[in-house]
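This briefing is intended for a reader who has the sequence and the coordinates at hand.

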Amino acid sequence: TVFDCNVIDFSKVDTEDGNITVVQNDGSLPFDIKRVYYLYDIPAGEMRGGHAHYKLEQFIIASSGSFDVIIDDGNFRKRINLNRPNLALHIKPGLWRELDNFASGSICMVLASHKYVESDYIRDYNQFIIEKTGENAH
Ligand code: TYD
């Protein structure tokens, strides 16, 4: 459910000249990272995401700027604002997600548990609800 998705605070190396945050597969993460991608040059007012995954697990990070992530498990919706590069929202499999309220210049970095597989996507919300609840969303 959406209540299984927490914001994790990755450690921050504080130097006089700025900060460094390190993320590595050292056994401390809930999944091994196989893919990194990032969204940028996002037009004002744009909504991204709008899909669910069967298997994929992700960390979503505002490596620059700020945006909101809306997660939805078919019963509950939760809106989380991300605005610091050391904070990551852990999204478990089987949840619908949307991203909006992008501040201009924002970079959304995603650390993912698997390589890109189109068949892992559910891109239709009604289909998602049917698979979650066995009922039609309308
Ligand atoms: P999509 O996941 O729909 O974008 P978002 O959820 O960020 O709104 O991906 C947009 C396009 O990019 C789509 O044509 C698939 C392609 N894509 C890849 O080829 N590889 C990837 O790892 C990702 C995430 C997307």
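**Backbone, core and ligand shell**

Asparagine 101 is partly exposed, because 15 other C-beta atoms lie within 10 Å of its own; a residue is buried with 20 or more such atoms within 10 Å, exposed with 12 or fewer, and partly exposed in between, C-beta atoms being placed from the backbone. The model is predicted: local features require pLDDT of at least 70 and side-chain atom pairs count only at pLDDT 80 or more, while totals for chains, interfaces and linings use all residues. Residues are numbered from 1 along each chain as its sequence is written.

**Positive phi values**

- Asparagine 101 has a phi near 55°, a positive value in a residue other than glycine.
- Asparagine 101 is placed in the loop between S10 and S11; helices (H or I, at least four residues) and strands (E, at least two) are DSSP runs, numbered from the N terminus.
- Aspartate 41 also has a positive phi, near 55°, and is not a glycine.
- The loop between S4 and S5 holds aspartate 41, which counts as exposed because it has 9 C-beta neighbours inside 10 Å.
- Most residues other than glycine have a negative phi.

**Nonpolar core**

- The largest nonpolar core comprises 22 residues, and Ile60, Leu82 and Leu89 have the most contacts inside it; such a core is a set of buried Ala, Val, Leu, Ile, Met, Phe, Trp, Tyr and Cys residues joined through C-beta atoms within 7 Å.
- Two or more residues of this core come from each of strands S6 (58-64), S7 (67-72), S9 (87-91), S10 (96-100) and S11 (107-112) and from helix H1 (125-133).
- S6 contributes the most to this core, with 4 residues.
- Leucine 89 touches Cys5, Val7, Phe59, Ile60, Val69, Ile80 and Leu82, residues up to four places away in sequence not being counted; contact requires C-beta atoms, placed from the backbone, within 7 Å.

**Shell around the ligand**

- Tyr37, Leu39, Arg48, Gly49, His51 and Tyr116 surround the ligand (C-beta atom, placed from the backbone, within 6 Å of it).
- Strands S4 (35-39) and S5 (48-53) are the elements that give two or more residues to this shell, and S5 gives the most, with 3 residues.
- The shell divides into 3 nonpolar, 2 polar and 1 charged residues; Ala, Val, Leu, Ile, Met, Phe, Trp, Tyr, Cys and Pro count as nonpolar, Asp, Glu, Lys and Arg as charged, and the others, Gly among them, as polar.

**Annotated domain**

- UniProt, in an unreviewed entry, lists residues 4-131 as "domain: Sugar 3,4-ketoisomerase QdtA cupin"; positions follow the numbering used here, feature names are shortened, and annotations may be inferred rather than shown by experiment.
- Over residues 4-131 the chain is 5% helix and 46% strand, with the end C-alpha atoms 19 Å apart.

Technical notes: Contact = placed C-beta atoms within 7 Å.
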